[in-house]
Amino acid sequence: MAGPRTPSLVADVHSARDAALKSIADSSDTAGLRKVAAELANKKSPLNAVRAQLGKVADAEEKKAVGRALSEASQAIEEALATAQAALEAAEFAAQVANEKMDLTEYLTESRRGTAHIVTQAMEHLEDVFVGLGFQVAEGPEVETDFYNFEALNMPASHPARSEFDTMFIEPHSPNHQPNTVLLRTHTSPVQIRVMQSWKPPIYAIMPGRVFRRDTPDATHMPVFHQIEGLVVDKGITFAHLAGIIEAFTKAFFGSDFTSRLRPSFFPFTEPSAEFDIRRANGSWIELGGCGMVHPNVLRAGGIDPEEYTGFAFGFGIDRMAKERHAVDDIREMYTNDLRFLRQFT
Ligand code: DAH
């Protein structure tokens, strides 16, 4: 009664499963795998085609065998899909990371070392020269009190010389702050007082630093600039020592074909006072700064007895010297931080 046995659908399930597993294994990316998964889910996929015929299988044994084969095949395919998905995702993520990786290293094809700014170079050179002459370097605060910047330098409140130093005052928000008593120092001279108060004579000091004035920037002025102050306090110091030091410094700093001269002048903190000029090799003179014998009132403000000690002081601008030395036309160029400018002076 049994007719010729229909070829088992189980074989069809197995070949459909093997084909599916092969397509999964052959997928080289997640997009390809998604396509394979979609095809496998399609009603017309070989496996689903077998599933569709399952209802028509009359033989109960055969039905059971095909059913089991189908469910095993589905499970194997699900697992293969999940494994392939995880592996491909990981590979794609690794590729993306490798692709987006930023190379933060930089290879210098030429050596580009930073260099000190020309004002710093001048300041260091000045320090070297004066240290060579036996001076020590001292520094003071850039925010000063009226006492150190003016009063102790023989410029009491009403002194007309104060108006020459167009000052920038600081107004701290403090209930007991007296207006116009804290300021950005207008010169390095207040450091003279601080040195006298904290050192004992003999004093041979230079005091470089930044100073501030309410100036509009132009080719020769900046509201922030640099000075170097000198102070000598010892027994028997005379104007001749001052002139000698200025001349020794001029030759040491600018070269032996330079010379210096002193012209009578006035500063409240020195008596007598002078301006000093230097003469270039070509015979032209340039004004460098002021100097003089420290005023007795200034020595007293620094706690030094003017009957026992005398001294001299000098002060000059560093920026202008750097400008002069490097033939810079406009002092503002020195502060725009344009590397093309700055790199010329290495
Ligand atoms: N402090 C003066 C200024 O800024 C420069 C100066 C002149 C300093 C004479 C001195 C000095 O020590 O003796 O213009």
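Ser-260 lies in strand 7 (residues 259-267), where helices (H or I, at least four residues) and strands (E, at least two) are DSSP runs numbered from the N terminus. The structure is a predicted model, in which local features need pLDDT of at least 70, side-chain atom pairs count only at pLDDT 80 or more, and totals for chains, interfaces and linings use all residues. Residues are numbered from 1 along each chain as its sequence is written, and side-chain values use heavy atoms, with hydrogens and water left out.

Ser-260 counts as buried because its relative accessibility is 17%; buried means under 20% relative accessible area, exposed over 50%, and partly exposed in between, with a 1.4 Å probe and protein chains only. The side chain of Ser-260 makes a polar contact of 2.5 Å with that of Glu-247. A polar contact is a pair of N or O atoms within 3.5 Å; within protein, one must be able to donate a hydrogen and the other to accept it, and residues adjacent in sequence count only if both atoms are side-chain atoms. Apart from neighbours within four places in sequence, Ser-260 is in contact (heavy atoms within 4.5 Å) with Ile-246, Glu-247, Thr-250, Asp-277, Ile-278 and Trp-285.

The largest nonpolar core contains 39 residues, of which Phe-249, Phe-314 and Phe-316 touch the most other members. A nonpolar core is a set of buried Ala, Val, Leu, Ile, Met, Phe, Trp, Tyr and Cys residues joined through side-chain atoms within 4.5 Å. At least two residues of this core are supplied by each of helix 5 (118-132), strand 6 (224-234), helix 8 (239-254), strand 8 (270-279), strand 9 (285-294), strand 10 (310-317), helix 10 (318-325) and helix 11 (339-342). Helix 5 gives the largest share, seven residues. With neighbours within four places in sequence set aside, the contacts of Phe-314 are Phe-130, Ile-206, Ile-228, Glu-229, Gly-230, Ile-245, Ile-246, Phe-276, Gly-290 and Cys-291. A second, separate core has 25 residues, among them Leu-153, Met-155, Val-298 and Leu-299.

The ligand is surrounded by 16 residues, the closest being His-187, Ser-189, Arg-213, Gln-227 and Glu-229; a residue is near a molecule if one of its heavy atoms lies within 4 Å of it. An N or O atom in the side chain of Gln-227 is 3.0 Å from a ligand oxygen atom, and a polar side-chain atom of Gln-192 lies 3.2 Å from an oxygen atom of the ligand. Phe-314 places a polar backbone atom 3.3 Å from an oxygen atom of the ligand. The protein buries 92% of the 360 Å² that the ligand exposes when taken alone, with areas from the Shrake-Rupley method and a 1.4 Å probe. Ser-189 is in the loop between strand 4 (182-184) and helix 7 (190-198) and counts as buried, at 4% relative accessibility. Beyond four places in sequence, Ser-189 is in contact with Leu-153, Glu-229 and Phe-269.

Helix 4 (residues 60-100) has 41 residues and spans 59 Å from its first C-alpha to its last, close to the 60 Å expected at 1.5 Å a residue; the expected span is 1.5 Å times one less than the number of residues. At the start of helix 4, a side-chain oxygen of Asp-59 comes within 2.8 Å of the backbone nitrogen of Glu-61. The buried residues of helix 4 are Glu-62, Val-66, Ala-69, Leu-70, Ala-73, Ile-77, Leu-81, Ala-84 and Leu-88. An α-helix has 3.6 residues a turn, so residues three or four places apart point the same way. Helix 1 (9-26), helix 2 (30-41) and helix 3 (46-53) are among the elements that cover the buried residues of helix 4.

Lys-235, in the loop between strand 6 and helix 8, counts as exposed at 52% relative accessibility. The C-alpha atoms of Lys-235 and Tyr-309 are 4.8 Å apart, although 74 residues separate them along the chain. The side chains of Lys-235 and Glu-308 are joined by a polar contact of 3.4 Å.

Most residues other than glycine have a negative phi, and most peptide bonds are trans. A cis peptide bond joins Pro-201 to Pro-202, with omega about 0°, and another joins Glu-271 to Pro-272, with omega about -5°. Pro-272 is in strand 8, whereas Pro-202 is in the loop between helix 7 and strand 5 (203-212). Ala-327, not a glycine, has a positive phi of about 55° and is exposed, with a relative accessible area of 62%. Asn-337 has a positive phi near 60° and counts as exposed at 56% relative accessibility.
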